[in-house]
Amino acid sequence: MAVPMKTIPGYENTKPGIQVGDKLPLRGGKFSDDDILFLRQMGIEWVMVEGPDGEVGVNDYKDLVRGVENKGLKVYRLSNHYFHNMDVITLNLEGRDKRLEGYLNYIRAMGAAGVRYSTYAHMANGIWRSGETKPIRGGHFGHGWDKDSPDSRGRWIGTYYGSGLSHGRIYTEDELWENYAYFITRVAKVAEDSGVFIGMHPDDPPVYTLAGVPRKIFGTFEGYKKALEIADSPNIGVCLCCGCWLQGGDMMGADVYEAARYFGQMGKLFKLHVRNVTNPMDQPGGFAETYPNDGYGDVPKIVRTLSEVGFDGCIMNDHLAPMVGGEYTSAAFQTAYLLGLVDAANRGA
């Protein structure tokens, strides 16, 4: 049965309601038979493919998508880290226009290959963590962030940022808004023409200025609303990372359930990363990433909210917490947990 997806026009689900997806890594441009078998055994249909970085041709993307589909899976998102989190765009550094044109070509290539969704992060100095911050269930320490830790640092694709100014000076929010507007007004038209929908990912962590770069455009509820107004496009929306939102806590200006409802009712909620954290980051010691049923966030409530607003796009696990047995075990547990919640929500339980 083919059910047209409302969340991402152009996609079709085999059953109505919320979809649960998972990642499919590419090792040297290929995925393993075990990867495919593992996902199919869990009942996964939609996959987020971690593709090659940099300039990639249309035919390469078409071949990649065809290879995944021949294995009985469907590509929801096709990532390219080179065009995912770009400091030259966020901060208007040398080479901005060249990178922007590369990003636009990436969107065009995806559209031509039949991929209708992409996630974008407007961060300049990466994801910040400060090592193992707090113990989580079972005795492991979850990765997290403590704003007062001397080990706090950011990272993105091999580049690390520590104390001091990551890009040599302090940037203002007004500068970042101007740079964002320059970027998104050009992106929106190409996305619309290509049939690609772009979900803006929250800053990780949100709210605080880090190493001289503000994080309130995609680090607060009001920032998100303003950013969507500037884009003024049906193809520009939200990739709601529940973990990032929970990290921000009250400082976000709306809780994660309110955000999911608001963006979902707008038709701007395109995808969700579902993870949990021990507590908001403004608490002593910061936060640690933990299992979906072991944090302060109410993951079942998140899923019920999605069902109530008629969301039929993909949710997925994110930042897997450590478990005995490694990545497969952790992915199986966290994905199965989401599958159970979604099954109940889709059945009205």
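Buried means under 20% relative accessible area, exposed over 50%, and partly exposed in between (1.4 Å probe, protein chains only). The views come from a predicted model, in which local features need pLDDT of at least 70, side-chain atom pairs count only at pLDDT 80 or more, and totals for chains, interfaces and linings use all residues. Residues are numbered from 1 along each chain as its sequence is written, and side-chain values use heavy atoms, with hydrogens and water left out.

**View A. Lys 6 and Asp 312 form a salt bridge (a side-chain nitrogen of Lys or Arg within 4 Å of a carboxyl oxygen of Asp or Glu).** The N to O distance here is 3.6 Å. Lys 6 is exposed at 61% relative accessible area, whereas Asp 312 is buried at 3%.

View B. Glu 222 is exposed, at 51%, and Lys 225 is partly exposed, at 21%.

**View C. Here is a salt-bridge network to look for: Arg 129, Asp 204, Arg 275, Glu 289 and Asp 318.** The structure's salt bridges come to 18.

**View D. Cys 239 sits in no disulfide (a pair of cysteine sulfur atoms within 2.5 Å).** Its nearest cysteine sulfur, that of Cys 241, is 6.9 Å away. Cys 239 is buried, with a relative accessible area of 0%. The structure holds 0 disulfides.
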